[in-house]
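Please keep the sequence and the 3D view open while reading.

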Amino acid sequence: MKQRIIVIATILLILVLGLAEGIASNITNVTEINVLIVVGTKAGSTRETADSIAKALINNGCSVDICTPTEPINLKKYQGVIIGSAIRMGQILPDIKKFAQNNSAELSKIPTSIYILCTTLKHDTPENRATAQTYINPLKEYVSPVSIGLFAGKMDYSKLKFFARFAAKRMVKEPEGDYRDWPQIHNFANNYYRLVIESHT
Ligand SMILES: Cc1cc2nc3c(=O)[nH]c(=O)nc-3n(C[C@H](O)[C@H](O)[C@H](O)COP(=O)(O)O)c2cc1C
């Protein structure tokens with residue numbers, strides 16, 4: 001009887017230790033998530049948004065690099081990629097499109113999200129969301145995003161070059177304003193973190 005108890009206790013101990021090791025290795029994996037944010041900006045608001053997304057991911061235990069789409073980059077280092085772009089004249093920035101096109105094969109192996117900033121969404125209506133959604137269609141030829149962030153952006157004439165300022169004031173007739181919804185942006189970041197973790201467990 002005594003021997004049986006010792007055998008059962010030993011088996012239980014082995015099971016508990018195995019479980020603990022499994023949990024520990026999962027926790028280790030979580031801290032090893034490296035995320036790259038590739039950001040295309042003209043006047044800075046999309047880059048500031050990338051900084052804020054990075055902060056939220058770092059708070060979750062990720063390490064984050066931010067780069068421009070023209071920098072040489074080794075995607076193999078990353079377990080997650082987020083591509084962010086400003087919208088100009090209804091278009092994703094050309095360098096962001098090129099980045100997605102050139103790295104399409106590698107990106108298909110990494111959970112990749114896309115976010116855009118545009119003033120169409122300063123009024124967040126279903127019609128404006130549908131319009132904003134069309135802006136990212138050209139990127140979807142090269143990337144199948146695990147999530148999409150459609151965000152209202154910022155218009156600051158002082159940050160624009162002559163032609164862009166002229167276009168914004170006279171052609172698009174867009175008044176100045178910062179329409180970014182930071183809680184919405186942080187939700188996108190936290191949700192992306194959950195998606196990356198799920199894809200690694
Ligand atoms: C010249 C110009 C054209 C723009 N065209 C559009 C547009 O077609 N649709 C839209 O929703 N927003 C448009 N915007 C708004 C920008 O997408 C928004 O201001 C964004 O936050 C800019 O990002 P950035 O500061 O990173 O450059 C335009 C802005 C400028 C200056």
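Two strands are said to pair if DSSP finds at least two bridges between them. Strands (E, at least two residues) and helices (H or I, at least four) are DSSP runs, numbered from the N terminus. The model is a predicted one, in which local features need pLDDT of at least 70 and side-chain atom pairs count only at pLDDT 80 or more, while totals for chains, interfaces and linings use all residues. Residue numbers start from 1 along each chain as its sequence is written.

**Overall build**

The protein has eight helices and eight strands. Of its 201 residues, 31% are buried. A residue is called buried if 20 or more other C-beta atoms lie within 10 Å of its own, exposed if 12 or fewer do, and partly exposed in between, with C-beta atoms placed from the backbone. Two residues are in contact if their C-beta atoms, placed in that way, lie within 7 Å. Among contacts between residues at least 6 apart in sequence, 78% join residues at least 24 apart.

**Strand S1 and its partners**

Strand S1 covers residues 34-40, and six of its seven residues are buried. S1 pairs with two strands, as the table shows.

| Pair | Sense | Bridges | One bridge |
|---|---|---|---|
| S1 and S2 (residues 63-67) | parallel | five | Ile37 and Ile66 |

S1, H2 and S2 form a right-handed β-α-β unit. Right-handed here means that, with the strands pointing away from the viewer, the path from the first strand over the helix to the second runs clockwise.

**The nonpolar core**

A nonpolar core is a set of buried Ala, Val, Leu, Ile, Met, Phe, Trp, Tyr and Cys residues joined through C-beta atoms within 7 Å. The largest one has 43 residues, and Ile37, Ile53, Leu57 and Ile116 have the most contacts inside it. Elements giving two or more residues to this core include S1, H2, S3, S5 and helix H8 (182-199). H8 supplies the largest share, six residues. Ile53 is in contact with Ile37, Ile82, Ile185 and Ala189, leaving aside its neighbours within four places in sequence.

**Around the ligand**

Which residues are closest to the ligand? They are Ser45, Thr46, Ala86, Cys118 and Gly153, out of 23 residues that surround it. By type, the shell holds 12 nonpolar, eight polar and three charged residues. Ala, Val, Leu, Ile, Met, Phe, Trp, Tyr, Cys and Pro count as nonpolar, Asp, Glu, Lys and Arg as charged, and the others, Gly among them, as polar.

**Two loop residues**

Met89 is in the loop between S3 and strand S4 (91-92). Its phi is near 50°, a positive value in a residue other than glycine. Is Met89 buried or exposed? Met89 is exposed, because 8 other C-beta atoms lie within 10 Å.

Thr120 lies in the loop between S5 and helix H5 (126-135). Thr120 counts as buried because it has 22 C-beta neighbours inside 10 Å. Not counting residues up to four places away in sequence, Thr120 touches Asn128, Thr131 and Ala132. The C-alpha atoms of Thr120 and Gly90 are separated by 9.5 Å, although the two residues are 30 residues apart along the chain.

Definitions and conventions: A residue is near a molecule or strand if its C-beta atom, placed from the backbone, lies within 6 Å of it.
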